[in-house]
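Trainee: I would like to check some structural labels against their definitions. Can we go through them one at a time?

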Amino acid sequence: MDKMKLVLVGNGMAGVRTLEELLKIAPDMYDITVFGAEPHPNYNRILLSPVLAGEMTVQDIILNDHSWYADNGIRLHTGKRITQIDRRARKVVAEDGTEAEYDRLLLATGSTPFILPVPGADLPGVVAYRDIADTQAMIEASQSRMHAVVIGAGLLGLEAANGLILRGMQVHVIHLAEWIMERQLDRTAAGLLQKSLEAKGMQFHMGAQTAELVRGESGRVCAVRLKSGESIPADLVVMAAGIRPNASLAEQAGLYCNRGVVVNDTLQTYDPRIYAVGECANHRGTAYGLVAPLFEQAKVAANHLAMYGIGRYLGSVTSTKLKVTGIDVFSAGNFSGGEGCEDLILSDPGIGVYKRVVLKDDHIVGAVMIGDTADGPRMFQMIRDNQNVAEIRDHLLFGNSNLGDVGHKGENQAAKLPDSTEICGCNGVCKGTIVKTIKEKGLFTLEEVRKHTKASSSCGSCTGLVEQILASCVGGAYTPADSTTKPVCACTEHAHGEVRKAIREQHLTSMPAVMQTLGWKTPDGCATCRPALNYYLISTWPHEAQDDPQSRFVNERAHANIQKDGSYSVVPRMWGGLTTPAELRAIADAAEKYQVPTIKVTGGQRIDLLGVKKTDLPKIWADFADAGMVSGHAYGKSLRTVKTCVGAEHCRFGTQRSMEMGVKLEKMLFGMWSPHKVKLAVSGCPRNCAEAGIKDVGVIGVDSGYELYVAGNGGIKTEVAEFFCKVGSDEEVMEYSGAFLQLYREEGYYLERTVHFVHRVGLDYVKSKVVEDGANRKALFERLLFALQDYKDPWAERGVRDGEAGLRAAFENIPA
Amino acid sequence: MIKWKRICPLTDIPQRGSRVVSGPDHDDIAIFRSGDDQLFAVHDKCPHKGGPLSQGIVHGHQVTCPLHSWKIELTSGNAVAPDVGCTQPFAVRLEDGVVWLAI
């Protein structure tokens, strides 16, 4: 059977991105032809500004070179403008008469610069700023001429002006509105920005209207005359007064257009065979001029072209970043406020910093930042996630960025760092390497950067920095992933929350059932989704869903921690950090018997035997079982340790019996699997020697009872636990902390620590479920106890004494 | 010279799991059984930092190394792009429910 024919009109970022998405999911469905009016293959239009500024070359910004089209069997016609769509014959016709038939047509004709209707607009020396040819014309002019005038102080105009200054020209900027970038900035922010641009040599004429472009003796433009009568010398005039969706082709063909080709949520036009994406499309009344929404559109359009029929484009919240080296500007959402909105403002003109966050009903709806934009991606993410910020609004403006605080010397502003700065302390990746890879490989997402450079792929503490670098390299093309809708992995389109919901609501109890119900794309998942699914199944349906050891990470299969040389570390449980001479003797004996090279006391008050051979694991477990010791689960996404201080049992300051409380908690929670590891601590008095302030659940004894703290974290980013409630008795400590942990077990996403869980859902929500609603607390607590009942120590189950066969087989190699 | 050696009954290797074959003349070799019951054998050594591939999670015809999550194609021993590296593959076959390995 012949393949269907797909024709793309417009060889730019939106159209080609759609093809890329399409080829990913349906590589053989279409015979593809592409028409581009420019003589170049697809390039990153956003990076024209760095090209103009001399920071990059045209070659650097090519996204898909000719061989990409050839490799994917795509017929590419460059330099051919399509002039007619014949919808009846289903073909397009180019200026030079070239024709192509289509079964599906994709329009991505982009936009055209708005040329002011003033006398002289057609003179030589007057250019728009849209493509490589315009850029080259400006570069050429800068080599022999002095005076440039940019009309329009929007994003594009300012970037053009900046580039021309760097090319040595004297630049005047004319702007109709009262302040620059009025579509993205408020007046104060614009004022600060204008000041720093003036410091670079830009001269502004605000509230100025162009009357005429004056013809010089040579026939070239020589000046711009304003309505006020003022005349500004100009050998080059750049029109950057806005863009218009380029829909004339569609209009001629009789497609419904209204400031762009009107499309529905599947990016389909009024002709069902014709789709439109990018700047030329009008979706729900908006034609987007930024690249991030175009990529979202591309994904949806590709899905429908591939006839999958799922996915809707619902519009985008956009953010803007000005690409002027050395000046940081960020703007997103509704930055000007209005009815029912509140403004949080931090302004320090002395150091050129201005931040304004607009809140509505405790949710961020917009933000503007100048000078310090490190928190831009975080703010934008909170807007997209619609996160409630009631608890953090008092320090929202002071930034904590979404950075970890270790491994990169606490740096939090990537743009200013030199190329040699180490960004990722885990994998030793420098800024220069990341920048180079992003440019060379044409990367747009954090995931891609992680894959290609390994930066931010281990502990993640540098994620915020990597995002900033990405944002500065690709400009507006970077959008932080929206955490509530981000798919679990490449095997599925579904996010963690949807998967959990399906498992619960449809009573799915096995992995094949989940994968079938939710349409997994791979036969048996991958190393990312399988452990998550396994956890969701056993935590949602305890005693009913089967645990699948092959879907657990090696540590949870071997009940020990794998080390870099393939040996294991073994940590026996010491309840509450307490031990006995007999236990210590058993540990010493085992260490000698199995020639354990290293013995170490851990941060969680346990003893770690490092360097145990895999084949010795079942034997060492049997020895420990004989001594009455059980697994310490130092290897699992599970209850790790309950750390305690000496407490009222011995300490002269102690107010509560913290050791006893700790042991009780640890015995209660023994064998608890959770989205990520869980650590507790109990201190006997507010001196808090057990460091309960950085634990998932921290218990601090006071004279009248206990204070409970939750969602602390001592790792990648130190997070101080938040006060949860105060209780009077040991039983209440167990019930409240158990209920909190059960809520986390039921609603947390796999590999999400309690701190991230609580940040995502809000502490108020957690309190409403656990503290305020007594019946719900009791129900949660009961479900926890039900899940934990009959839990058998995995070591006792798997321990093998000399001479026994049993499970040992799985731990031993087969002799050849 | 390559010799076929009898290793174990297929049932000794769990689905989406592996066993390790060791001997005096060669490094450890990991034999994998995929979800669709195909067999693969490669050196039990990740090309990245030498992690024991046998301990990784098997998905499709790939395994993810337990140390730093490199993905290895079990048929060829090649790392999945963008990572670059290769671990040696070995021939393996199934006869009457018994696994044979060419060493």
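Mentor: Below, each label is set against its definition.
This is a predicted model, where local features need pLDDT of at least 70, side-chain atom pairs count only at pLDDT 80 or more, and totals for chains, interfaces and linings use all residues. Residues are numbered from 1 along each chain as its sequence is written, chains are lettered from A and ligands numbered from 1 in the order in which they are written, and side-chain values use heavy atoms, leaving out hydrogens and water.

Trainee: Why is R552(A) called buried?

Mentor: Buried means under 20% relative accessible area, exposed over 50%, partly exposed in between (1.4 Å probe, protein chains only). R552(A) has 6%, so R552(A) is buried.

Trainee: Where is R552(A) placed, and what does R552(A) touch?

Mentor: R552(A) sits in the loop between α15 (529–540) and α16 (554–558) of chain A. Helices (H or I, at least four residues) and strands (E, at least two) are DSSP runs, numbered from the N terminus. Contact means heavy atoms within 4.5 Å. Leaving aside residues up to four places away in sequence, R552(A) touches residues including W673(A) and I57(B).

Trainee: What makes the pair R552(A) and D547(A) a polar contact?

Mentor: The definition asks for a pair of N or O atoms within 3.5 Å; within protein, one must be able to donate a hydrogen and the other to accept it, and residues adjacent in sequence count only if both atoms are side-chain atoms. Here the side chains are joined at 3.0 Å.

Trainee: Why is α20(A) called roughly perpendicular to α21(A)?

Mentor: Helix α20 (residues 730–747) and helix α21 (residues 754–761) of chain A pack at about 80°, with axes 11 Å apart. Axes are lines fitted to C-alpha atoms, for helices over the stretch in contact, and angles run from 0 to 180 degrees between N-to-C directions. Under 35 degrees is roughly parallel, over 145 roughly antiparallel, 65 to 115 roughly perpendicular, the rest oblique. Therefore α20(A) is roughly perpendicular to α21(A).

Trainee: Which residues meet there?

Mentor: Among them, F740(A) and Y744(A) in α20(A), and F757(A) and V758(A) in α21(A).

Trainee: How do you know that β30 and β31 of chain A pair?

Mentor: Pairing needs at least two bridges found by DSSP. Strands β30 (residues 598–601) and β31 (residues 607–612) of chain A have four, in the antiparallel sense. I599(A) stands opposite L609(A). In the five residues between the strands of this hairpin, Q605(A) has a positive phi near 65°.

Trainee: What joins β14(A) to β15(A)?

Mentor: Three bridges, running antiparallel. V224(A) has I232(A) as its bridge partner.
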